[in-house]
Amino acid sequence: MYKIIVNLTFIILFLILSKTVRTAQPKPGKISREIIILSFIIILYALQGLPTLDFNTYYIKFDPLAPEIIFARYLVSWLIRIILFIAGIGIIFRKEIFRRVLIGLAFFNLLTVPWKHPLIAVKKYILFKIDTGVLAADLLPALDRIAWLYVGVYAALDIVVAAFFIYLLTRTGMKGQFK
């Protein structure tokens, strides 16, 4: 639930930014407010998505998957978050390479959405919540539907956030500020 709220917050901020980016032309030598806000969003997005440092905790979350796949997910997740963090700082300096890296990561995110939320891991997570009493046992017969809904909502949020990154970073008003 927390990740849904965070992603919806990002979407609202993107919507606000998208209205101002169309006309954003800062004074020469000045950084625009939009780039500062976008940088802040990117850094927060990178930090909120960091996997745990403890690989065993991460492994348990995705346990039904093969150990090699879980380890690859773990490494890729850390790598993406580090790159996002660096690029979030880099766009403050208005370097074109960081804008392009962010666009590339957004496309990568779009291509790997099914990999991010595997159905089998979601089912295991829901079963854990039922076992611990967080969710009612009455939900057990609807496990498949709930898991598919969860995957669908998170996939949709990932797609919208990635699309907003691409949209904002390719607008003429934004593109023109990078060198």
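What follows is a working chat about a predicted model of one protein.

Colleague: Quick start. How many helices and strands are in the protein?
Modeller: This is a predicted model, to begin with. The protein has nine helices and zero strands. Along the sequence the pattern reads α-α-α-α-α-α-α-α-α.

Colleague: And how much of the protein counts as buried?
Modeller: 40% of the 179 residues. The protein exposes about 10300 Å², and carbon and sulfur atoms supply 72% of that area.

Colleague: What about contacts along the sequence: what share join residues at least 24 apart?
Modeller: 73%, counted among contacts between residues at least 6 apart in sequence.

Colleague: Core next. Which residues of the largest nonpolar core touch the most other members?
Modeller: L38, I42, L84, I91, L102, F165 and L169, out of 21 residues in that core. At least two core residues come from each of α2 (33-48), α4, α5 (96-111) and α8.

Colleague: Which helix gives the largest share of this core?
Modeller: α8, with six residues.

Colleague: Take L169. What does L169 touch?
Modeller: L38, R99, L102, I103, M174 and K175. That list leaves out residues up to four places away in sequence.

Colleague: Now the surface. Which residues make the nonpolar patch?
Modeller: L47, L50, I82, F85, I86, I89, I92 and F93. The patch covers about 670 Å².

Colleague: Which helix gives the most to it?
Modeller: Helix α4, residues 67-90, with four residues. F85 sits in α4.

Colleague: Why does F85 count as partly exposed?
Modeller: Because its relative accessibility is 32%. The partly exposed class lies between under 20% for buried and over 50% for exposed.

Colleague: Which residues is S77 in contact with?
Modeller: G49, P51 and Y58, leaving aside neighbours within four places in sequence.

Colleague: Where does G133 take a positive phi?
Modeller: Just after α7, at about 85 degrees.

Colleague: On α7 then. How many residues, and what reach?
Modeller: Helix α7 runs over residues 119-131 and has 13 residues. From first C-alpha to last it reaches 18 Å, close to the 18 Å expected at 1.5 Å a residue.

Colleague: Which residues of α7 are buried?
Modeller: A121, V122, I126 and I130.

Colleague: What covers them?
Modeller: The cover for the buried residues of α7 includes α3 (55-61) and α8 (143-170).

Colleague: Last one. Where does L135 lie, and which residues is it in contact with?
Modeller: L135 lies in the loop between α7 and α8. Leaving aside neighbours within four places in sequence, L135 is in contact with I126, K129 and I130. I126 and I130 are among the buried residues of α7.

Colleague: And why does L135 count as partly exposed?
Modeller: Because L135 has 31% relative accessibility.

Terms used
Residues are numbered from 1 along each chain as its sequence is written. This is a predicted model: local features need pLDDT of at least 70, side-chain atom pairs count only at pLDDT 80 or more; totals for chains, interfaces and linings use all residues. Side-chain values use heavy atoms; hydrogens and water are left out. Patches are made of residues with over 30% relative accessible area and no salt bridge: like charges are joined within 9 Å, nonpolar side chains (Val, Leu, Ile, Met, Phe, Trp, Tyr) within 5 Å. Accessible areas come from the Shrake-Rupley method with a 1.4 Å probe; for residues, only the protein chains shown count as cover. A salt bridge is a side-chain nitrogen of Lys or Arg within 4 Å of a carboxyl oxygen of Asp or Glu. Buried means under 20% relative accessible area, exposed over 50%, partly exposed in between (1.4 Å probe, protein chains only). The expected span of a helix is 1.5 Å times one less than its number of residues. Contact means heavy atoms within 4.5 Å. A nonpolar core is a set of buried Ala, Val, Leu, Ile, Met, Phe, Trp, Tyr and Cys residues joined through side-chain atoms within 4.5 Å.
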